[in-house]
Every structure is written in C-alpha cells, then in structure tokens.
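Let's take a walk through this structure together. Have the sequence and the 3D view side by side, and we'll go from the overall picture to a few close-ups.

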Amino acid sequence: MAETPAALAGGLTAPANPRSPIKLVSQRQRAWRTFSRNRSALVGLVLIVLIVLVAIFAPLLAPFDPVEQSTINRLQEPSSTHPLGRDDFGRDVLSRILYGTRVALTVGVLSVLLGGALGTTIGIVAGYFGGKIESVLMRLVDVLLSFPDLITGLLVMAVLGSGQVKLIIAIGLTVAPRFARIAYGPTLALKEKEFVEAARALGQRSRVILSRHILPNIGGELLVLGSLWTASAIRLEASLSFIGLGVPPPTPTWGQMIRDGTRYLAEFPLLSLAPGAALLITVFAFNLVGDGLRDVLDPRSSK
Amino acid sequence: MFRHILRRLLLAIPTLIVVITIIFVIVRVIPGDPARARLGDQASEEAVEQLQEELGLNQSIWEQYIDYMIGLAQGDLGTSLVNRAPAWDQIQTVLPHTIELTIVSIILALLLGIPTGVITALKRNTWIDYTGRILSLAGLSAPAFYIGILLIYVFAARLGWLPAIGAGDFSDPVDNLRSLVLPAITLGLVETAYVARMSRSVMLNVLSDDYVRTARAKGLTERTVLLKHALRAGLVPIVSLVGLFTIGLIGSSVLTEEVFARPGLGSLMVGATGQRDYTLLQAIMVVYALIIVFINIIVDLIYTMVDPRVRNA
C-alpha cells in the first residue's frame with residue numbers, strides 16, 4: 001500500500017485536527033481494498049454470486065423439468081427450445097445443469113462447514129491443551145492427511161453408501177484433518193501470548209478462551225482454507241458422482257451427467273462437456289476467491 | 001547413509017500399524033458384517049454363515065484383527081469376498097499399469113511444470129505470469145476426468161489418432177504406449193498445474209533471498225545467478241513438494257483409470273466398492289498406504305542427497 005508522508009506521520013502522532021486529511025481505515029476496509037484490487041479475485045466473487053443465484057432460482061431459470069423423461073425425444077441435437085439438446089432419456093440438458101448447481105453448492109458448502117467446524121475444534125483443542133490429547137489427535141490427523149482426498153472420500157462412501165447427507169459427511173471427514181492442521185499451529189503460538197494468559201489469570205473458562213480469544217485470531221486463515229476447500233469439495237462431489245458414489249438419480253448432478261454422457265461422446269459431446277464446463281467454472285471461481293483472500297492475509301505471497 | 005535409510009524404514013513401521021488399524025476400523029468394523037453386506041438382505045442365513053466361516057468372519061472382531069495383522073506381517077493381504085481368491089492376485093495384475101501411468105505423468109509434469117514455474121516467477125506481474133497463473137489455477141480446478149474426456153473427444157473420437165479406452169497389450173510395446181499417451185497426458189496436466197504453482201512460489205522466495213542479491217551485486221551474469229544459485233536452492237523444497245503431490249496424484253489416477261477404462265489399482269478399487277468387496281477394498285487401501293509411506297521415505301532420501309545441511313546432520 002503506497003503511503004503518503006502525511007499518512008506516515010499520522011501513524012506517529014494522533015491527528016489533532018478532526019478534519020485532518022488523514023483517513024482512518026479500519027482493518028476490515030483495508031482488507032477489502034486489497035481484495036477488491038485483485039481483479040481475478042473479484043471476478044471469482046462475482047461468479048460465485050451468480051452461481052448461487054442460479055442455484056436459488058433454478059426453478060425459474062430452467063426452461064424444462066430436469067427429471068421429466070421423454071423417450072421418443074431421446075438424444076437430440078441443440079435446438080432453439082433445447083439450447084444444449086436432450087439427453088438419452090429425453091431430458092433437457094440445460095435445465096439439468098442449472099439444477100445440478102444445487103447439489104454442487106449444497107454439498108460443497110455444507111461439507112466444508114461440517115469438516116471445518118470439526119477440524120478446527122480438533123486443531124485448537126490439541127494445540128491449546130497439549131499433552132496426551134495433542135499427541136493422539138495430531139497423530140491421527142497426520143495419518144488421515146497422508147491419504148489423498150479422493151481416496152478418503154471414496155472409502156467413507158463405500159462404507160456409508162450413497163446419498164446427499166452421506167456425501168456431506170464423507171467429504172466433511174476428508175476436509176476436517178486439513179482444518180485441524182491449519183488451526184493447530186497458530187493456536188500453539190497464541191496460547192503463549194499475553195492476552196491469552198491474562199484471560200486465563202482472570203479465571204475465564206477454557207471454552208471461552210478458545211472461542212473468544214483464539215478462534216477470532218485464526219479466522220483469516222480458516223476463511224482462506226474454507227474457500228479453497230469449497231472448491232475442492234465441489235470437485236470431490238463431482239468426482240464421487242462420476243464414479244457412481246454420489247447423490248443417486250434422478251437428482252441431477254454434474255458428475256453423473258458427465259459420466260452418463262461419455263457413452264455418447266462421439267455423437268453428442270455436449271452431454272458431458274457442458275456439465276463439465278459448469279463444474280470447471282464453479283470450482284475455478286472458489287479457487288480465485290481463495291487465492292485472493294490469501295493475498296489479503298499475506299501480501300508477500302503475491303506481489 | 002545406510003544407517004539413515006534403515007532408521008527411516010524402522011520409523012515407518014509404527015505409522016503403518018496406525019494406518020492399517022484405522023483402515024481396519026473403517027472397512028471392517030463400521031459396516032458391520034461384511035459377509036451380510038456382500039450377500040444382501042435376501043441371502044439365507046446359511047449362506048451368510050458359510051461365507052463368514054470361510055473367511056474367518058465369525059470370530060470376534062479382536063481375533064479377526066489379530067489374525068489380520070499376523071497375516072499381513074507374513075505378506076498375506078487377505079481374501080477377496082467376491083471371488084474368494086487372495087486379494088494380492090488381483091492387485092498384482094493391475095499394479096504395473098498404475099505404476100507405469102504414474103511415473104510417466106510425473107516425468108511429464110516435472111518437464112512442463114518446473115520451467116513454467118521458474119519462468120512465471122522471473123517474469124512476475126507480466127502477462128506471461130498472469131497467463132501462467134490463470135492456466136495453472138484452471139488446471140487445479142479441472143478434475144482429472146474432465147481433462148480426460150476432453151482429450152478422448154478430440155484425439156480419439158474426432159481425430160481417431162489414439163485409442164480411447166483400455167491399457168493395450170503389455171507384451172506389445174507400441175500398443176501399450178499408444179494406450180498410455182492420453183491417460184498420461186491427463187494425469188500429467190493435473191500434476192503440471194501443481195508443480196508450476198509451487199515452483200513459482202518457491203522461486204519467488206529464493207529470488208528475494210539475500211544471497212541472490214549478493215550474487216547479483218558481485219556482478220555475476222543473470223544466467224549464473226539463476227542456474228547456480230537460485231535454482232539449486234529452490235530444488236530442495238521443490239523435491240519435497242513433488243513427493244507430496246505424487247501422493248495427491250494417486251487420487252487423480254483413480255479418476256483417470258476410470259475415464260479410460262484402464263486396468264489399475266484405482267479402477268480395481270472402484271470395482272471393489274461397487275461390489276461391496278470389503279476385504280479387497282481393505283487390501284487395496286493397505287497397498288496405497290504402503291505406496292504412500294514408501295514415497296515419503298524416497299522423498300526424504302532425495303532430500304538428504306540434495307541438501308548438504310541435512311546430509312551432514
């Protein structure tokens with residue numbers, strides 16, 4: 001941030017004149033400025049807003065019922081009434097893609113909220129209390145972390161069976177150790193800080209210290225991780241659906257549409273490629289925002 | 001050096017025991033009775049009991065666990081619930097395909113990713129950098145199966161240059177290689193995005209270090225500064241991160257094998273999941289765990305070789 005000499009001086013002496021040209025900028029405003037100056041992050045944010053709107057207003061936007069079949073009209077080329085054609089059950093591809101946004105966002109966001117809450121709790125509890133709890137929990141976290149996300153997700157789905165709630169649990173469990181790792185380190189450092197010691201000396205309970213003093217100080221990191229992992233969670237959901245372990249039909253999901261479309265790839269490529277494009281754009285948008293948020297937190301990493 | 005290797009191998013054993021126990025708990029304890037799950041609700045009580053008896057599933061869970069661990073220690077990965085044959089037999093036939101695919105795509109990713117990362121770091125905040133960064137972020141966002149489908153559409157369905165599915169005949173090198181091209185590019189591109197991003201950030205860190213400034217101040221040519229000083233120091237973190245991403249690559253290899261209907265550990269795992277073959281699934285997970293621990297040891301050893309500070313410690 002380019003600081004004027006006046007602003008620098010203002011940092012040393014409090015502005016005596018209330019109408020001084022020095023503007024006091026809150027931390028939040030400063031963060032927003034850094035973020036909004038990052039053009040690609042803004043593009044990501046706009047995209048996310050649009051995607052959320054599509055998910056909410058899917059019934060209004062979709063020209064047809066996404067599950068209604070019409071076998072006489074199966075496998076049709078794009079036309080003016082069906083801009084992306086009809087699939088092998090005669091369903092409108094565009095409507096299915098629009099509705100597919102719902103599963104993608106629901107699973108993506110809820111699994112990260114679940115995994116984030118669980119993982120963060122494990123991380124700060126392990127970091128704050130130390131001792132046996134720490135070694136057992138963090139050992140477990142490290143073991144889980146060593147497995148690729150898809151393998152963990154696949155294993156849990158194999159055991160639980162398919163369905164949207166199970167998918168959220170499976171991806172949440174995959175995400176949790178990542179949050180635990182990130183929350184753990186700063187907690188170790190924070191618990192030695194004076195303000196935490198002061199709170200302890202005042203006799204505040206551990207629960208209060210963890211939620212009021214530790215948690216807000218790692219909120220930034222968690223937000224970055226949340227955004228990046230929402231991207232990954234959406235990708236995981238589509239991957240598991242692609243394998244056949246996602247939300248069962250007839251609910252339209254992108255991963256399943258891509259899989260079903262591969263059978264007709266040579267003649268009707270849009271059946272796979274169009275939902276794939278929707279998936280790519282959505283994951284990309286969350287990644288852009290995550291990257292932008294990281295730049296806000298750690299300005300050195302980008303510029 | 002030898003002692004170092006030995007120590008690393010010994011240290012891996014407790015980790016492996018923890019991992020294998022976790023896998024056992026997830027696959028064998030949580031779903032309840034694997035024999036019942038495999039045969040379905042309609043199966044007769046006798047059929048379930050027979051399968052339980054055959055696979056030793058009628059014992060208490062502790063006995064099963066101890067039996068399993070003893071078996072593993074002797075190299076027995078267990079018996080498949082579906083075809084009642086040793087799980088290792090099936091794993092053994094597909095494993096070479098997965099290893100082949102993984103190695104070729106890692107080489108591809110290093111050849112493409114490291115130069116991209118270094119160049120974008122050097123041309124920081126120019127259009128080259130922006131293009132590289134956007135492309136690598138897009139690469140990270142695209143699931144492997146989507147890249148695979150795009151490649152199949154263009155090179156197999158449209159142009160007809162390469163086969164879309166299968167792994168070819170292993171004994172026929174040309175056939176085998178032709179079937180390897182598209183899957184390897186698919187997996188390689190996913191990995192390239194990771195390698196390019198982390199090489200860039202590693203190089204940015206190195207380039208802002210004092211000794212690079214000193215080297216420049218001494219009047220060394222930019223070429224020497226870059227190749228002799230910056231790149232060499234950057235290599236150490238890059239090596240360790242490549243190991244990390246190789247592990248991440250395993251997830252994408254499952255999807256790649258699925259898209260190309262290619263035999264491999266990943267497609268075997270998906271098949272086992274579909275058939276509720278929990279014992280085979282468990283065996284595959286253990287093999288994955290072994291591979292992951294093995295990669296970690298290799299990375300550690302390479303690290304030791306590249307970095308004299310670690311070597312002499």
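How many helices and how many strands are there in chain B? Chain B has 13 helices and zero strands. If you read along the sequence, the pattern is simply α-α-α-α-α-α-α-α-α-α-α-α-α.

Before going further, keep in mind that what you see is a predicted model. Its overall scores are an ipTM of 0.82 and a pTM of 0.84. For chain B, the pLDDT averages 81, and 93% of the residues score at least 70. Confidence in chain B is highest in helix 11 (residues 265–274), at a mean of 88.

Now step back and look at chain B as a whole. Its C-alpha trace spans about 85 × 55 × 35 Å along the principal axes. Of the 313 residues in chain B, 39% are buried. Take the contacts in chain B with a separation of 6 or more: 71% of them join residues 24 or more positions apart.

Next, find helix 5 of chain B, which covers residues 87–122. Does the distance between its ends agree or disagree with what its 36 residues should span? At 1.5 Å a residue, helix 5 of chain B should span 52 Å, and its end C-alpha atoms are 50 Å apart, so the two agree. Still, follow helix 5 of chain B along and you'll come to a bend of about 35 degrees at Val94(B). A proline, Pro96(B), follows within four residues of that bend.

Helix 5 of chain B also meets helix 11 of chain B: their axes come within 8 Å and cross at roughly 135 degrees. Because of that angle, helix 5 of chain B counts as oblique to helix 11 of chain B. On the helix 5 side of chain B, the contact is made by Gln90(B), Ile91(B), Val94(B), Leu95(B) and Thr98(B). Helix 11 of chain B brings Leu265(B), Gly266(B) and Leu268(B).

Finally, hop over to chain A and look for Gly219(A), in helix 10 (residues 206–243). Is Gly219(A) buried or exposed? Gly219(A) counts as exposed, because it has 11 C-beta neighbours inside 10 Å, and the cut-off for exposed is 12 or fewer. Now look for Ala183(A): Gly219(A) and Ala183(A) are 36 residues apart in sequence, and their C-alpha atoms are 9.2 Å apart in space.

Terms used: Residues numbered from 1 in each chain as written. Chains lettered and ligands numbered in written order. Predicted model: local features only at pLDDT ≥ 70, side-chain atom pairs only at ≥ 80, totals over all residues. Helix = DSSP H or I, 4+ residues; strand = E, 2+ residues; numbered from the N terminus. Expected span 1.5 Å × (residues − 1). Bend = angle between axes of the 7 residues up to and from the residue. Buried ≥ 20, exposed ≤ 12 C-beta atoms within 10 Å, placed from the backbone. pLDDT = per-residue confidence, 0-100. Contact = placed C-beta atoms within 7 Å. Axes fitted to C-alpha atoms, helices over the stretch in contact; angles between N-to-C directions. Parallel < 35°, antiparallel > 145°, perpendicular 65-115°, else oblique.
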